[in-house]
Amino acid sequence: MSTSTATPAPSPTAAVLVIGNEILSGRTKDANLPHIAEKLAGIGIRLREARVVPDVEEEIVAALDALRGRYGHVFTTGGIGPTHDDITSACVAKAFGVPLERNAEAVARLERHYGDPSKLNEARLRMANIPAGATLIDNPISAAPGFRIGNVYVMAGVPNIMQAMLDGILPQLEGGPELHARTVACALAEGQIAADLGALQDRYPDLEIGSYPYFRNGFFGVSLVLRGTDETRVAAATEELAGIVLRLGGTPNVTVGTKG
């Protein structure tokens with residue numbers, strides 16, 4: 001009787017599309033990308049690409065079309081507020097070839113949030129314009145919802161609102177194998193360890209091995225990060241790497257995770 005070893009299913013993938021002139025101008029520092037990356041990694045979804053585009057329709061649509069066809073999930077941030085430059089919803093509708101509609105449930109949520117009908121002006125009602133066929137993403141902070149259509153999740157750009165929206169999305173996502181990480185930090189220069197590190201990567205092609213130099217308290221050093229879904233392989237490669245550091249005259253500081 002023959003036996004075979006099943007190939008592990010590939011990890012789900014994702015991309016992030018950050019939308020907004022204020023990010024590209026440097027006026028606003030994006031805090032959403034690292035948060036999304038960390039949360040996705042925690043459920044086994046690999047963030048493979050991030051793009052930042054201005055508030056320009058053709059550029060948003062082109063980016064959406066490219067990313068949603070390549071990755072399992074696409075998360076957008078920004079451009080769903082009440083002002084003239086908040087054009088994300090209309091751009092998503094165009095990318096999917098569906099009309100942009102005044103969503104009755106979104107209107108109801110805004111009505112409950114504002115209470116006084118006089119406060120729910122036309123500008124605020126723009127936040128209830130949703131592509132036809134989309135499902136709403138809860139916004140427990142300011143009520144104006146995000147939405148999902150296909151494999152695209154459209155969220156606010158304000159960090160605390162985006163985080164609340166993402167918290168509601170995550171339980172609905174099918175994750176993949178847990179990603180294990182270890183860090184070997186040492187006071188060696190990258191040039192000293194580069195050749196051995198490349199050879200180690202060749203021996204462990206299933207792992208991601210990255211080199212991140214630092215300068216702390218007047219001293220140079222490097223954090224060598226190993227990531228993979230097979231914890232045994234990550235541990236074995238980490239042990240080899242610590243031995244390499246010792247051989248080269250360094251002192252390896254091994255930690256679980258990516259800090260070091």
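In the predicted model, R46 counts as buried, because its relative accessibility is 14% and the cut-off for burial is under 20%. R46 belongs to strand β2, which covers residues 46-53. Its contacts beyond four places in sequence are S11, P12, T13, A14, L179 and E208.

The largest nonpolar core holds 50 residues. Within this core, the members that touch the most others are L40, F75, L110, M155 and L173. Strand β1 (residues 13-19) supplies the largest share of the core, with 6 residues. L173 is in contact with L40, I43, I45, H73, F75 and Y153, when residues up to four places away in sequence are not counted. A second core is separate and has 17 residues. Among them are I193, I209, L224 and V245.

Helix α8 (residues 190-203) packs against helix α9 (residues 231-247). The angle between them is about 160°, and their axes lie 11 Å apart. The two helices are therefore roughly antiparallel, since an angle over 145 degrees counts as such. The crossing of α8 and α9 is right-handed.

On the α8 side, the contact is made by I193, D196, L197, L200 and R203. On the α9 side, R233, A237, E240, L241, I244, V245 and R247 take part. By class, this contact of α8 with α9 comprises 7 nonpolar and 5 charged residues, with no polar ones. Two of the contact residues, I193 of α8 and V245 of α9, are also members of the second core.

Key: Residues are numbered from 1 along each chain as its sequence is written. This is a predicted model: local features need pLDDT of at least 70, side-chain atom pairs count only at pLDDT 80 or more; totals for chains, interfaces and linings use all residues. Side-chain values use heavy atoms; hydrogens and water are left out. Helices (H or I, at least four residues) and strands (E, at least two) are DSSP runs, numbered from the N terminus. Buried means under 20% relative accessible area, exposed over 50%, partly exposed in between (1.4 Å probe, protein chains only). Contact means heavy atoms within 4.5 Å. A nonpolar core is a set of buried Ala, Val, Leu, Ile, Met, Phe, Trp, Tyr and Cys residues joined through side-chain atoms within 4.5 Å. Axes are lines fitted to C-alpha atoms, for helices over the stretch in contact, and angles run from 0 to 180 degrees between N-to-C directions. Angles under 35 degrees count as roughly parallel, over 145 as roughly antiparallel, 65 to 115 as roughly perpendicular and the rest as oblique. A crossing is left-handed if the near helix is turned anticlockwise from the far one by less than a right angle, and right-handed if clockwise. Ala, Val, Leu, Ile, Met, Phe, Trp, Tyr, Cys and Pro count as nonpolar, Asp, Glu, Lys and Arg as charged, and the others, Gly among them, as polar.
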